[in-house]
Amino acid sequence: MRSEDGSRSGGYLTPSGPTAAPWLGILRAAFLLTGAAAVLAAAAAAVLTGPGAAASSLLGWFLIAAFFGISLLVGHFVGRSNPSGAIGMFVVTYAIKVVGFAVILFGLGAPEWLHREWFALTAVGAVVLWQAAEVRAYSRTRHLIYADIPDETTKGAGHA
């Protein structure tokens, strides 16, 4: 197959493989998008309510980023050695995180300086944006569905 723009030196398209580390790219995209939104929310909270509200806003984002980021890191490390086992590890990690998240929220309680409204609004916004960023980043990754076996009989042969 020839490339219309001739981007390759011979003018032929070559197949590309799967994305090398999709989970880290997804983590980076989601972290940057939600982090930027959290900084904007914290700035608005600081102007409208005060520094405690800004800190509450950043804390809400941090907990969400940690909650979802751990899963992507586990997927990265498990996926390198056992790609089909990454999904199972996502489920196990999710169950552990839900319990840990509940312990943090219910066990420690809310500190005096926490503004619940800013904390909750930023956390909910971060969840929505994180999921949107994950879906968008995942849709742009490449996955190897079938392992191509090189055909030694056609090497060097002309194509009709």
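In helix α3, the residues A86, F90, T93 and K97 are buried, where buried means under 20% relative accessible area, exposed means over 50%, and partly exposed lies in between (1.4 Å probe, protein chains only). The structure is a predicted model, in which local features need pLDDT of at least 70 and side-chain atom pairs count only at pLDDT 80 or more, while totals for chains, interfaces and linings use all residues. Residues are numbered from 1 along each chain as its sequence is written, and side-chain values use heavy atoms, with hydrogens and water left out.

The chain has 4 helices and 0 strands, and from the N terminus on its elements run α-α-α-α; helices (H or I, at least four residues) and strands (E, at least two) are DSSP runs, numbered from the N terminus. Of its 160 residues, 29% count as buried. Among contacts in the chain with a separation of 6 or more, 72% come from residues 24 or more positions apart, a contact being heavy atoms within 4.5 Å. The chain exposes about 11000 Å², of which carbon and sulfur atoms supply 68%; such areas come from the Shrake-Rupley method with a 1.4 Å probe, and for residues only the protein chains shown count as cover.

Helix α1 covers residues 22-48, and its buried residues include P22, W23, I26, L27 and A30. These buried residues of α1 pack against α2, α3 and α4 (116-139). The expected span of a helix is 1.5 Å times one less than its number of residues; for the 27 residues of α1 this gives 39 Å, and because its end C-alpha atoms are 39 Å apart, the two values agree. Also in α1 is A44, which counts as partly exposed because its relative accessibility is 29%. Its C-alpha atom is 7.6 Å from that of A54, a residue 10 places away in sequence. After α1 comes G50, whose phi is positive, near 135°.

Helix α2 (51-81) holds F68, which is buried because its relative accessible area is 15%. Leaving out residues up to four places away in sequence, F68 touches K97, V127, W130 and Q131. The C-alpha atoms of F68 and V127 are separated by 8.7 Å, although the two residues are 59 residues apart along the chain.

Returning to α3, its 23 residues (86-108) should span 33 Å, and because its end C-alpha atoms are 31 Å apart, this agrees with the expectation. What covers the buried residues of α3 includes α1 and α2. K97, which belongs to α3, is in contact with F67, F68, I70 and S71 when its neighbours within four places in sequence are left aside. K97 is buried yet has no salt bridge, the nearest side chain of opposite charge being E134 at 7.8 Å; a salt bridge is a side-chain nitrogen of Lys or Arg within 4 Å of a carboxyl oxygen of Asp or Glu, and Lys and Arg count as positive and Asp and Glu as negative, with His and the chain ends not counted.

L108 also lies in α3, and it counts as exposed because its relative accessibility is 70%. Together with I104, L105 and F106, L108 forms a nonpolar patch on the surface, with about 460 Å² of accessible area in total. Patches are made of residues with over 30% relative accessible area and no salt bridge, like charges being joined within 9 Å and nonpolar side chains (Val, Leu, Ile, Met, Phe, Trp, Tyr) within 5 Å. Helix α3 is followed by G109, whose phi is positive, near 75°.
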